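Morning, everyone. Please look at the structure first.

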Amino acid sequence: AKKIILDCDPGHDDALAMTMAVASLKIDLLAVTTSAGNQTPDKTLNNAMRMLTLLHREDIPVAQGNRAPLVKPLETAPEVHGKTGLDGADLPDPDFAVQDIPAIELIAKTLRASTGPVTLVVTGPMTNAALFLRVYPDLAREKIDQIVFMGGAMGLGNWRPSVEFNIFVDPEAAKIVLNFGIPLVMAPLNVTHQAQIMKDEIAAIKEIDNPVGQAFYGLLSFFEQYHENPKWGFKGAPLHDPCTIAWLIDPTMFTTDRMNVDVETQGDLTRGETVCDYYQLTGKPVNTEVMLGIDRSRFIKLVMDSLKSFD
Ligand code: BDR
Ligand code: CA
């Protein structure tokens with residue numbers, strides 16, 4: 001199985017990504033670290049721990065990351081994810097303890113203990129990933145084979161006209177990660193907006209007769225409401241973060257292109273925009289495999305099968 005560390009800010013779609021990773025025999029989830037993003041750092045930590053409690057995977061170590069982005073003040077997304085960051089379901093309180101070391105130390109410890117390469121999956125702002133690469137560059141180069149992340153877009157935005165939320169929250173961190181030199185795989189809005197779960201599919205989750213399915217019926221019903229605003233033109237709710245895990249489980253459901261991706265950190269209108277050099281205009285080296293298309297029905301089947309796999 002592919003060994004991964006999940007750095008996340010749960011968040012409804014982060015919670016689903018975590019659940020799919022736990023469900024898959026192809027993935028070995030070694031550790032979870034939390035970032036500040038969708039909600040404040042204590043709430044995202046609590047949510048990650050509540051999810052692992054629901055999934056009966058209290059054995060997976062969890063550590064808390066940075067309390068704020070590297071440079072900008074923290075901005076959260078309560079309008080998308082609610083007051084708790086994971087509104088819509090009654091989740092169990094955590095029944096295990098958080099690691100008493102910060103996220104970057106848990107990442108270091110996990111990498112050192114691993115015999116083979118580990119994939120770092122980032123589904124929130126890149127603050128922890130950037131700090132880790134700055135503090136432990138050699139360990140990162142030695143042990144991390146790729147960084148698979150949800151963030152950015154090619155010409156789209158969901159927080160500013162051309163800026164996606166995760167990169168918006170910590171553009172300086174994203175710049176460090178994208179320019180570090182470890183191969184990157186990116187799930188931009190271009191693909192995650194195709195990865196929609198429709199209302200009738202959410203209704204079908206209600207029939208999944210286990211606590212995980214029941215929790216996600218509530219969570220995704222809440223998450224879907226924000227996306228009903230006609231301005232988006234959605235027919236359902238985009239499952240952003242699960243694209244990272246789906247790609248690791250079965251990359252053949254995606255089409256990708258390879259290009260250089262960098263981040264704008266200065267622009268008045270564009271701070272946090274991912275600049276994707278689709279036509280290789282800069283001559284800068286290819287650093288990123290960018291997901292651009294998805295077979296939606298196979299993806300939704302994977303989501304459903306993951307939820308059904310729990311007792
Ligand atoms: C990203 O922002 C968050 O709201 C989601 O969890 C996802 O990681 C989408 O822009
Ligand atoms: Ca997220």
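Helices, of at least four residues, and strands, of at least two, are DSSP runs numbered from the N terminus. With that in hand, note that this is a predicted model.

Start with histidine 56. Where does histidine 56 lie? Histidine 56 is in the loop between helix H2, residues 41-54, and strand E3, residues 62-64. Its phi is positive, about 55°, although histidine 56 is not a glycine.

Next, glutamine 280. This residue is not a glycine, yet it has a positive phi of about 50°. Glutamine 280 lies in the loop that runs between strand E10, 274-277, and strand E11, 288-294. There are 12 other C-beta atoms within 10 Å of glutamine 280, so it is exposed. The cut-off used there is 12 or fewer for exposed.

Now a peptide bond. Proline 10 and glycine 11 are joined by a cis peptide bond, with omega about -10°. Glycine 11 is found in the loop between strand E1, 2-8, and helix H1, 12-23.

Glycine 11 also brings us to the ligand. Which residues come nearest to ligand 1? Of the 15 residues around ligand 1, they are Gly11, Asp13, Phe165, His240 and Asp241. The elements giving two or more residues to this shell are H1 and helix H7, 165-169. By type, the shell around ligand 1 has four nonpolar, seven polar and four charged residues.

That is the end of my list.

Note on methods:
Residues are numbered from 1 along each chain as its sequence is written. Chains are lettered from A and ligands numbered from 1 in the order in which they are written. This is a predicted model: local features need pLDDT of at least 70, side-chain atom pairs count only at pLDDT 80 or more; totals for chains, interfaces and linings use all residues. A residue is buried if 20 or more other C-beta atoms lie within 10 Å of its own, exposed if 12 or fewer, and partly exposed in between; C-beta atoms are placed from the backbone. A residue is near a molecule or strand if its C-beta atom, placed from the backbone, lies within 6 Å of it. Ala, Val, Leu, Ile, Met, Phe, Trp, Tyr, Cys and Pro count as nonpolar, Asp, Glu, Lys and Arg as charged, and the others, Gly among them, as polar.
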